[in-house]
Amino acid sequence: MTVNINSGPGALDVTRGERALVIGVDQQSRSEGRSAGARLDEAVGLAEAIGIDVVGQRTFRLRAPRPATLLGKGQVEEIAGIAKGNEAGLLVVDAPLTPVQQKSLEEQVGTKVIDRTGLILEIFGERAATAEGRLQVELAHLDYQAGRLVRSWTHLERQRGGFGFLGGPGETQIEADRRLIRDRMARIRRELEHVKRTRSLHRGRRQRAPWPVIALVGYTNAGKSTLFNRMTGGEVLAEDMLFATLDPTMRDVKLPGFDKAILSDTVGFVSDLPTQLVAAFRATLEEVASADLLVHVRDMAHPDRDAQREDVLGVLAQLGVGPEDEGAPHQIEAWNKIDLLPEDERAALSTEAVRRGDVVPISALTGFGIDALREKMAECLRRDSQVHEMRLPVTDGGKIAWLHARGDVIEQQTRDSEVHLQVRLSPENWARFQSL
Ligand SMILES: Nc1nc2c(ncn2[C@@H]2O[C@H](COP(=O)(O)OP(=O)(O)OP(=O)(O)O)[C@@H](O)[C@H]2O)c(=O)[nH]1
Ligand SMILES: [Mg+2]
């Protein structure tokens, strides 16, 4: 039996357990710094993340992309043969397809076809857990779908669960679908506005919380959740599955010299993230923007680790928290999974890390380097800090407690009804303190 993964209007009709072929496209221009094999594995991982049964996978080399089908004629015939032989009902193409290419491939291969963007949207559609996340994903889905509504495509739209009824007299199916999509998008935007307003109220309250916040960011499957669990004793889902985490989670973390700090686990990034989804990320990643420190967790055993790093920095920049953005949190890198590397490479990375100073090699799995990472986090939170002298009325217990939590209290004396303090504070915290 097949179950519809998405039943909302954004659904692309991919079904769990569906037998599928995953096709990689090796194009010179798109493969910079990546191995075709690792890329194909990732696409298979994405498909498996929503329960698609991958019955065949293969990368095709592309010399000159054909406008009609992207792939060459012989290649399309070959794929059709493989699909038939494996009784596949779905073809996943790990590349962006134009609506026309998608339609031609569906006809010539004889299966449904989705591209990488469609696949990622499916995953997010299935996983989004918060009201806001669901709305953002639905919006992205509709936006993607609207672009796919092309003339002469009506029969397919119906098949894939278009809105399925005609509008007024003389209105074509496509026009009706377009209008419905537009209306629905407008409604979602209004709902989102409302959710956002509510959230910023909550956030206003949280921002006054005196604890420093550290956010883990990184490519999907890099080990963020494993590290989060190790450092906080938490039990979030950490699995060898792409996009295991979609909603941010926060928990207390122990850091040397800090009464309390908060660690935030976040959704992973992936290359060629659909632009429609970046907005969805922005919403879930507001925690990241308001964090005091970002720890970029990297899978150092991955063949594409450098390309992945670029992807992550690219998305962070789109979110306005790239290393160059003004007011963005400090960033360090945690070089994870070094237990998987041979001894000599591990040694080389350790030397490099010492030289750079903003990097800590770790293994979230074995616990190697975690204490050093705690030290580094604490050091960064204290960086640029200055000692401030102040006097507060003894009755101001809230502010005094705040200073103890956020800063490093070097000296404290009570004279008459005043408390004299010497406190080391980061510039951010000093600014916060003044607005308390
Ligand atoms: N060998 C090894 N495996 C690790 C290490 N850290 C994490 N893993 C494995 O990597 C896989 C992914 O780990 P997660 O913690 O779920 O990764 P994530 O970054 O949270 O991934 P998403 O939530 O999907 O973005 C799991 O199978 C982990 O067991 C490590 O240091 N060494
Ligand atoms: Mg995770």
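Predicted model: local features only at pLDDT ≥ 70, side-chain atom pairs only at ≥ 80, totals over all residues.
The lining of the largest cavity is made up of 8 charged, 6 polar and 5 nonpolar residues. In total, 19 residues line the largest cavity, and the space inside amounts to about 180 Å³. Searching the whole structure gives 5 cavities of 30 Å³ or more.

To find the largest cavity in the structure, start from the residues that lie nearest its centre: Phe258, Leu381, Arg382, Ser426 and Asn429. Next, look at the helices and strands around the cavity. Helix α13 (370–382), strand β13 (418–425) and helix α15 (427–434) each supply at least two residues of the lining. Of the elements, α13 gives the most, with 3 residues.

The nonpolar cores come next. The largest nonpolar core has 45 residues, and Val22, Ile52, Leu119 and Leu316 are those with the most contacts inside it. Several strands supply at least two residues each to this core, namely β1 (19–26), β3 (90–94) and β5 (213–218). The helices α1 (36–48), α4 (116–127), α5 (131–148), α9 (275–284) and α11 (305–318) also supply at least two residues each.

Which residues is Leu316 in contact with, leaving aside its neighbours within four places in sequence? They are Val217, Phe269, Leu294, Val321, Gly322, Asp325 and Gln331.

Terms used: Residues numbered from 1 in each chain as written. Chains lettered and ligands numbered in written order. Heavy atoms only, no water. 1 Å grid on protein atoms, 1.4 Å probe; cavity = no way out; pocket = protein on both sides within 12 Å on 5 of 7 lines; lining within 4 Å. Points joined across faces, edges and corners; volume = space filled by probe spheres on them. Helix = DSSP H or I, 4+ residues; strand = E, 2+ residues; numbered from the N terminus. Nonpolar A, V, L, I, M, F, W, Y, C, P; charged D, E, K, R; others polar. Core = buried A, V, L, I, M, F, W, Y, C linked by side-chain atoms within 4.5 Å. Buried < 20%, exposed > 50% of the residue type's maximum accessible area, 1.4 Å probe, protein only. Contact = heavy atoms within 4.5 Å.
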